[in-house]
Amino acid sequence: MIKEEKTTKLPQNVLRRLLFLFCLGIGGAFLSATLVRFAPGYGVQERELDPRWSAQSIEALRQKQMLHEGLALYYLHYLWALAHGDFGESDSLKRPVRELLRQRLPVTGNSVVRGLGIAWLAAALLASLGLASRGWLYEASSAAFSSLLLSLPSAVVAMLAVQLRAPVFFAIGVVVFPRLHRYIRSLLVRSYDQPHVLAARARGLGSGAIFWRHVLPVAAPPLLALLGVSFTIAFGAAIPIEALCDSPGLGQLAWHAALSRDLPLIVNVTLIVSLVMFAANSLADLAGRAFAGSVQ
Amino acid sequence: MSPLQKTAAIILCAIFLLMVLATILVPAPYARQFRDAPNARPSTAHPLGTDALGRDSLSRLLYGTRVSLLLAPAAALLSTVIAALLGSAAGFLGGRFERIILAATDLSLALPWLFLLLTVRAMLPLDVPPMVSVVIAFLMMGLLGWQASVRVICAAARGVRDSDFLLLARSSGCKPARLLLCHVAPNLRTLFYAQFWISIPLFILTEANLSILGLGVMEPMASWGNLLRGFEDFSALGANPWRLVPLVLLVIVVMCFQLVLPSQEVTQ
Amino acid sequence: MIRRVCLVLVLTLVSCCPSFVSAESASQSGGELHFCLHGEPKTFNPLLVEDGQSETVRYLTGGVLIRLNRQTQALEPALATSWKATPDGRTITFHLRTGLHFSDGTPFTSEDVAYTVKALMDPQLHSPTGDSFRSGDGQVSVQTPTADTITVTFPAPVAGLERLFDQVAILSAHSPKKEMAVLGPFYVADYSPGSYLLLRRNPNYWKKDKEGKPLPYLDSIRLDIQRNHDIEILRFRRGEIHIINSLDADLFDRLQKESPAAAHDAGPSLDSEFVWFNQVPTAAFPDYKKAWFRSTEFRKALSLAINRDDLARIVYAGHAQPAYGPISPANHFWFNSALPAPKYDSAAALRLLTQAGFRLEGETLRDASGNRVEFTLVTSTGNKPREQMVTMIQQDLSQIGIKVNMVTLDFPSLIERITRTFDYEACLLGFTNTDLDPNSQMNVWLSSAENHQWNPKQSKPATAWEAEIDRLMQSQASSTSDKKRKADWDRVQQIVFEQQPFIYLINRDAMSAISPTVIGSAPSVLDPHAFWNADVLRLGPDPSLGAQK
């Protein structure tokens with residue numbers, strides 16, 4: 001009976017969670033926009049320094065820049081438009097935000113997913129190699145290598161990627177990989193040292209069976225949690241890396257929006273970025289808890 | 001301590017010593033421009049050569065080490081204190097309170113922190129001395145960098161909350177505040193130290209990233225990030241390999257900070 | 001089993017690894033010129049152009065009545081075979097070429113010119129191009145007596161009227177394609193926002209070469225959108241792009257070492273960098289500082305104490321020259337050659353300061369009331385030459401006991417401080433000048449104007465010399481004799497030299513990179529430096545490869 005209650009409550013929980021995440025995302029977007037609106041330099045443009053403009057033109061320009069309505073009204077209008085699928089128009093790029101997002105989101109998504117893929121593969125590979133050979137030389141060198149990568153500022157990684165003509169996802173992978181490697185390695189080591197694994201090995205189970213039936217199920221929840229966190233890290237790293245590598249993705253758009261104080265763009269970009277990150281974290285949390293529940 | 005950890009610790013101590021002795025060792029004031037010798041090769045007068053404006057690179061490196069190594073721990077301390085307060089409160093109180101704090105953490109991760117730093121810079125009065133603006137920059141980093149540690153501390157606090165001794169204390173009539181301060185926090189102390197130690201290299205790297213983007217420490221002050229700014233020209237680096245010294249030093253110090261930590265991750 | 005897993009993982013990893021793309025071959029087929037824009041063009045409407053990228057597109061696609069030859073600095077007939085301006089500078093009559101068509105086939109007549117001029121002078125249209133013509137209030141009248149003659153009458157005399165038509169690209173009055181139908185050598189064929197812009201040769205372009213072959217020679221021009229200057233130079237080195245229109249000094253040196261034939265320094269340009277002090281009476285700093293900044297001797301002493309030769313030598317690696325004043329020596333006609341060269345003399349600077357009541361106590365300079373002379377110099381973030389110049393000025397002024405603090409701000413915050421709140425003490429910025437005729441700078445010199453940076457929008461001139469400059473500005477704007485205008489501007493330059501409201505530092509050189517495969521290039525100091533003659537450029541075999549295409 002308890003199980004039935006759980007299953008009927010699950011879609012309700014998911015919906016409630018989604019709604020909560022969405023409100024949180026909107027909250028984050030409005031907070032950023034408020035910050036931008038009241039930061040110094042709002043409503044001012046470089047073109048004002050051009051002496052060719054007449055006084056009337058400058059006045060007309062300034063009028064256009066001002067947010068005529070108060071910030072609260074602007075937010076209400078934005079929510080209303082959002083409900084109709086209209087994301088508004090960018091002030092600085094003079095194009096509908098929806099179009100900009102549609103062009104740039106796939107680019108960033110592509111880089112992040114491929115970067116994560118490479119990072120996870122490399123981390124899994126190195127961790128498995130470590131399990132196969134537990135000598136101190138391997139320990140020391142892998143610790144040193146991953147520390148080395150962790151110590152490079154991501155700006156330097158981006159600059160190296162530009163020089164070597166490596167694609168952006170490679171730089172993202174390099175930034176994420178060391179953070180994954182240490183954690184995965186320690187997790188696998190701890191899992192293999194569990195008493196039930198020892199017992200299974202003593203019983204003569206093959207290494208494959210041990211891995212799939214005994215190690216992985218126990219290690220799965222924290223690994224899934226790590227997946228969510230690594231997604232957040234990769235997405236966060238994508239922003240400065242894309243800006244430095246001149247890749248036409250969301251990161252460059254966010255940088256441009258912040259520098260040009262473009263309110264509609266900032267609200268939308270922050271909304272998308274927050275939603276993606278919250279969703280990743282939540283999915284990972286839920287998956288981890290579900291897996292842990294089923295194992296027990 | 002393993003041999004690796006011992007080596008890392010020795011290297012760190014040596015660098016701290018160098019930093020303290022900087023004023024004695026330095027060949028010339030870090031801001032002085034030797035205009036006859038811009039971009040000079042290493043020589044007896046300038047052991048690491050000079051930069052684009054003719055300033056002695058070794059002096060700038062020693063002073064930069066001072067700025068980065070004194071201020072990054074301060075920023076790490078600030079962020080750890082904030083994370084400790086928020087994380088232990090969230091884990092201990094649990095339920096809705098925990099959800100709110102974790103949600104606020106996620107929210108602050110999504111904010112454009114780069115923009116916040118730009119804004120704070122722009123709002124500072126212009127006659128603030130350069131050293132004060134550097135301190136403020138690191139303070140801002142500390143105020144913005146606490147999110148990573150909160151989840152870890154929260155999980156650990158949750159574990160402590162469910163432990164037996166706490167149950168005993170609660171059943172004896174201990175008030176929540178006292179529980180938090182006298183029972184939960186001391187048990188998490190090692191975790192706090194670990195988080196503090198991990199945060200230091202992160203802030204060193206953050207400062208380096210910011211300075212490369214032009215938002216960090218202001219000229220003519222030197223910091224590691226400032227010294228890394230001229231790195232776009234990789235072909236010139238091949239001809240002048242001594243220019244890599246700041247990057248090498250940064251990487252060595254950050255690696256040592258990470259390796260010294262007596263982590264549970266390394267097995268014997 | 002673990003080893004098997006490792007093998008699988010290694011294979012997957014290797015197959016996922018990026019295949020590092022090799023450089024494209026340097027030879028080009030089909031004559032497509034390749035270079036980069038540093039941002040998105042904001043508009044394709046030539047009347048609304050205000051940013052550099054849109055201006056590049058307008059230059060390459062727009063047909064103009066009169067073209068300024070960037071090399072000889074003389075005006076040449078383009079769509080107009082001849083023109084005549086009346087002595088009062090208010091009316092101009094053009095005789096147009098006949099039998100021409102827009103890129104989409106629509107015929108070109110005087111009606112199109114009339115339509116363009118009326119649209120440009122519409123008071124609701126706000127653009128730098130239109131504002132340049134607005135010398136007074138009133139309507140502009142346009143008459144088109146025949147299909148190939150047009151007369152335009154302005155309400156007030158416009159200084160340098162003919163030269164201004166170099167900026168006016170003619171729109172079609174009837175074409176369904178509106179502003180995309182053009183009369184220039186190329187037209188916009190494809191635009192992928194954020195990525196690239198493709199221009200194809202206009203088959204209806206009017207110009208022919210000496211042998212009668214229709215121009216342009218190039219089939220197309222591809223403009224990639226590339227903000228990062230380092231990536232741009234990397235691509236140039238790899239042969240992916242043929243031209244970099246404007247190079248920074250350090251990138252220029254890097255390139256010159258590797259391929260000296262590709263790096264071109266055309267000499268000092270019209271751009272300048274300068275420092276000024278905030279003289280706004282309501283500024284937020286103490287009165288004693290306001291007294292310093294208003295003192296002519298103070299400003300002149302600081303100008304003497306700055307070593308401009310070092311700035312040019314170190315910050316710009318020799319690719320700049322000390323600046324004399326608002327007009328660069330590269331502007332042959334308008335530059336006042338009687339101006340003395342800028343001097344560097346700390347001793348003379350100290351003498352001037354002592355005369356003005358300052359005194360040097362040990363290492364510190366103090367004013368008559370004992371306040372330490374110290375101020376903050378703001379400049380824009382991310383501009384390395386400016387930051388380096390401020391650092392060098394710090395050292396120069398410390399030798400006469402003045403302490404300078406540097407603050408870098410992002411551009412919007414900086415502009416807010418210098419145009420709205422006036423919360424700054426001194427500022428270092430640069431001016432990118434695209435126009436030979438200094439009349440376009442009028443809003444800088446009129447004391448009532450917005451861009452009179454040190455004390456804008458004055459209700460009446462604060463000083464006698466500013467009043468004199470105002471008078472000279474009005475005089476040159478309403479005069480049509482170039483000789484008389486030059487006399488006025490010579491006097492303005494003299495006053496600026498005596499009063500130093502702007503302390504001019506350097507004029508940087510016009511540096512560009514042009515691949516040896518581009519035939520016919522002739523880099524000039526006027527913008528666009530490298531492709532002003534795009535219609536006669538050709539791509540040939542790479543001389544370094546020694547191979548035929």
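**Ground rules**

I number residues from 1 along each chain as its sequence is written, and I letter chains from A and number ligands from 1 in the order in which they are written. Because the model is predicted, local features need pLDDT of at least 70, side-chain atom pairs count only at pLDDT 80 or more, and totals for chains, interfaces and linings use all residues, while side-chain values use heavy atoms, with hydrogens and water left out.

**Entry 1: cis peptide bonds**

I looked up two bonds in chain C. The bond from C:L215 to C:P216 is cis, with omega near -5 degrees. C:P216 sits in the loop between strand 9 (196-201) and strand 10 (220-225) of chain C. Helices (H or I, at least four residues) and strands (E, at least two) are DSSP runs, numbered from the N terminus. The bond from C:D527 to C:P528 is also cis, with omega near -5 degrees. I found C:P528 in the loop between strand 20 (518-519) and strand 21 (538-539) of chain C.

**Entry 2: positive phi**

I checked A:R261 next. Its phi is near 55 degrees, a positive value in a residue other than glycine. A:R261 lies in the loop between helix 10 (250-259) and helix 11 (263-295) of chain A. Is A:R261 buried or exposed? A:R261 is buried, with a relative accessible area of 6%. Buried means under 20% relative accessible area, exposed over 50%, and partly exposed in between (1.4 Å probe, protein chains only).

C:K178 has a positive phi near 50 degrees, and is not a glycine either. Its place is the loop between helix 5 (161-164) and strand 8 (186-192) of chain C. C:K178 counts as exposed, at 57% relative accessibility.

**Entry 3: a covered helix**

I turned to helix 5 (residues 113-123) of chain B. Eight of its 11 residues are buried, so I noted the helix as mostly covered. Among the buried ones are B:L114, B:F115, B:L117 and B:R121.

**Entry 4: a hairpin in chain C**

I followed strand 8 into strand 9. The two strands run antiparallel and are joined by six bridges; two strands pair if DSSP finds at least two bridges between them. C:F186 has C:R201 in strand 9 as its bridge partner. The hairpin has three residues between the strands, and C:G194 takes a positive phi near 85 degrees there.

**Entry 5: salt bridges**

How many salt bridges does the structure hold over all chains? I recorded 39. A salt bridge is a side-chain nitrogen of Lys or Arg within 4 Å of a carboxyl oxygen of Asp or Glu.

A:R95 pairs with C:E40, the closest N and O atoms being 3.8 Å apart. This pair crosses between chains, from the loop between helix 3 (71-83) and helix 4 (97-132) of chain A to the loop between strand 1 (32-37) and helix 2 (52-61) of chain C. Both A:R95 and C:E40 are buried.

C:E258 pairs with C:R237, with the closest N and O atoms 2.5 Å apart. The pair links distant parts of the chain, helix 7 (residues 249-258) and helix 6 (residues 229-237), 21 residues apart. C:E258 is partly exposed at 40%, and C:R237 is partly exposed at 30%.

C:E468 pairs with C:R471 at 3.9 Å between the closest N and O atoms. Both lie in helix 15 (residues 464-478) of chain C, three residues apart, about one turn of the helix. Last, I noted one network of salt bridges that share partners, joining A:E48, A:R62, C:R420, C:E450 and C:K457.
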